[in-house]
Amino acid sequence: MTSSVKQTQQFIDGQFTPGTSGKTFPNINPINGKLNSNICEASKADVNAAVAAAKAALTGPWGKMPVEARTNMLHGVAAEISRRFDDFLQAEIADTGKPTSIASHIDIPRGAANFKVFADVVKNVPTESFHLDTPDGRGALNYGVRVPKGVIGVISPWNLPLLLMTWKVGPALACGNTVVVKPSEETPSTATLLGEVMNTVGVPPGVYNVIHGFGPDSAGEWLTQNPDVNAITFTGETRTGEAIMKQAANGVRPVSFELGGKNAGVVFADADFEAAVDGISRAAFANSGQVCLGTERVFVERSIFDRFAQALKKKAEGFVFGDPMNPATTMGPLISKEHRDKVLGYFAAAKTQGATIIAGGGIPRVAAEYEGGHWVQPTIWTGLPQDSSVIREEIFGPCVHLEPFDAEEQAVNMANDTPYGLATTIWTTDLARAHRVAGRINVGITWINCWFLRDLRTSFGGQGLSGIGREGGVHSLEFYTELRNVCVKL
Ligand code: NAD
Ligand code: 6OD
């Protein structure tokens, strides 16, 4: 573990600095509720200094660097993340409590992949060009040129901290922008560690900056209000997205939002039963249910409903809690006491609203050393009405409601009965039905017979309350660049 994890500082203009506020806030380890480190809280002057450094870096060596050199540098960043895999792993686990069985397979590898993939996308995606006939017969050639948008404000959440932050920083830098990152106050460590990587690789000062603090009247709000931030990319709660959108209206700055979800899974009777149980178990419980793409509402065809519920119960009751560094541990705690209180509030609401509890519903027994942690049991309910708060609101915990259906039409209608529109997972062996249902569920991402299988070249994003815009592959280039047209009279 590095010294930056013990007292986590800002990273501004290539330097680690405590900043000017003189204030710190605690970073708590979710597995036991104990103090991990103290985080230096940014003042408004620190935020403005980070933005000024990012703005200045646009016209320095970074701004003049050929694309080949820039993208090679980002491959270097990916390689350095991989070389320091254990440092990133330990920092991520200390902040989140998530087991190494998840972090070492998903979070840290994706932290490196997000730089590699977008470096390659930038080098390989062409711009448009058109020949125009003109009355004099000479014609004109139009071609597109992509230029960086400028300073990008990146605001990221706590559930997949390195993955979701680099998913924005990778393409932003690949396109030649500079960034100021405000990681979640709950999970500041890997964003800070990435500053060390940037210096090791020789990324010029000011290209990557990190400030720490909270949202309203703190670093998040000050960053999004700074007029020198040219675009804002945000992942987090829908309500926070609404606030940031208002902040971004000042100066008409573009936003890209990946927000909440209340995703549906649909399991048909002809599905590969074991694969469906396994897939829905991951979609409901992976990362302790703290995945925006997760499934909190599952519709199961009536003829297999009871068998499916029993098989999923067995999965839910098979999770192993405890030491995140033990490869046998399969479920971590929730991120904070506050978030656990929120999730337990929904557990209580499910009871009072008449749910039948199939599994869980409370706090698991853990070893004495972890009793101060924020644990909850993987939980399965059935029997709640469609207007229950448990069915309508994003809970973001390891919990799922099962509902039987009799007809495809009914399953589609129930899946679509939500203001969110992020993701769905459909389980069937009927090919025609798979495509038909995929076309009718109102979401940005549909998985058929799988879940969270990611190809970073594809579009990613949600509709309705789940977000604005698409990122991934060429769609990231659309957000992180300005496309200019040049018309040449021949
Ligand atoms: P959050 O919205 O509370 O916080 C996210 C970030 O926004 C944090 O860094 C926070 O400090 C900052 N913030 C809060 N208020 C702000 C303001 N007024 N101005 C600027 N910044 C502000 O979200 P969270 O609790 O960290 O994450 C959980 C939520 O994120 C869930 O709703 C989940 O669905 C969503 N999420 C969505 C996706 C997706 O891809 N759609 C991915 C991960 C998480
Ligand atoms: O895989 C990704 O790129 C991505 N944005 C995942 C989001 C997960 C939400 O919790």
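Which residues are the closest to ligand 2, and how many surround it? The structure above is a predicted model, in which local features need pLDDT of at least 70, side-chain atom pairs count only at pLDDT 80 or more, and totals for chains, interfaces and linings use all residues. Residues are numbered from 1 along each chain as its sequence is written, chains are lettered from A and ligands numbered from 1 in the order in which they are written, and side-chain values use heavy atoms, with hydrogens and water left out.

Now for the reply: 13 residues surround ligand 2, and the closest are Arg110, Asn159, Glu258, Cys292 and Arg454. Here a residue counts as near if one of its heavy atoms lies within 4 Å of the molecule. Sorted by class, this shell has 9 nonpolar, 1 polar and 3 charged residues. In this sorting Ala, Val, Leu, Ile, Met, Phe, Trp, Tyr, Cys and Pro are nonpolar, Asp, Glu, Lys and Arg are charged, and the others, Gly among them, are polar. Helix 7 (residues 161–174) brings the largest share of the shell, 3 residues; helices are DSSP runs (H or I, at least four residues) and strands are too (E, at least two), numbered from the N terminus. Both domain 1 (6–259 + 465–489) and domain 2 (263–454) give at least three residues to the shell, with bounds that come from an automatic or database domain assignment.

Let us look at single atoms. An oxygen atom of ligand 2 lies 2.8 Å from a polar side-chain atom of asparagine 159. Arginine 454 also places a polar side-chain atom 2.7 Å from an oxygen atom of ligand 2, while cysteine 292 uses a backbone N or O atom, at 2.8 Å. The protein covers 100% of the 300 Å² of accessible area that ligand 2 has on its own; such areas come from the Shrake-Rupley method with a 1.4 Å probe.

Next comes ligand 1. It is surrounded by 31 residues, the closest being Lys182, Glu185, Thr240, Leu259 and Glu394. In the side chain of glutamate 185, an N or O atom is 2.6 Å from an oxygen atom of ligand 1. A polar backbone atom of glutamate 237 is 2.8 Å from an oxygen atom of ligand 1. Taken alone, ligand 1 exposes 850 Å², and the protein buries 93% of that.

What about the pockets? On a 1 Å grid over the protein atoms alone, a pocket is an open set of points where a 1.4 Å probe fits, with protein on both sides within 12 Å along at least five of seven lines, and its lining residues have an atom within 4 Å of a point. The largest pocket holds about 1100 Å³ of space, a volume being the space filled by probe spheres set on the points, which are joined across faces, edges and corners. Of its 39 lining residues, Trp158, Ser184, Glu185, Glu237 and Thr240 are the closest to the centre. The lining divides into 16 nonpolar, 14 polar and 9 charged residues. Domain 1 and domain 2 both give residues to this lining, so the largest pocket lies between them.

The second largest pocket has a volume of about 550 Å³. Among its 22 lining residues, the closest to the centre are Ile102, Ile106, Arg282, Ala286 and Trp451. Helix 6 gives the most to this lining, with 6 residues. Why does the second largest pocket lie between domain 1 and domain 2? Both domains give residues to its lining, so it lies between them.

Note on methods: Polar contact = N/O pair within 3.5 Å; in protein donor to acceptor, adjacent residues only side chain to side chain.
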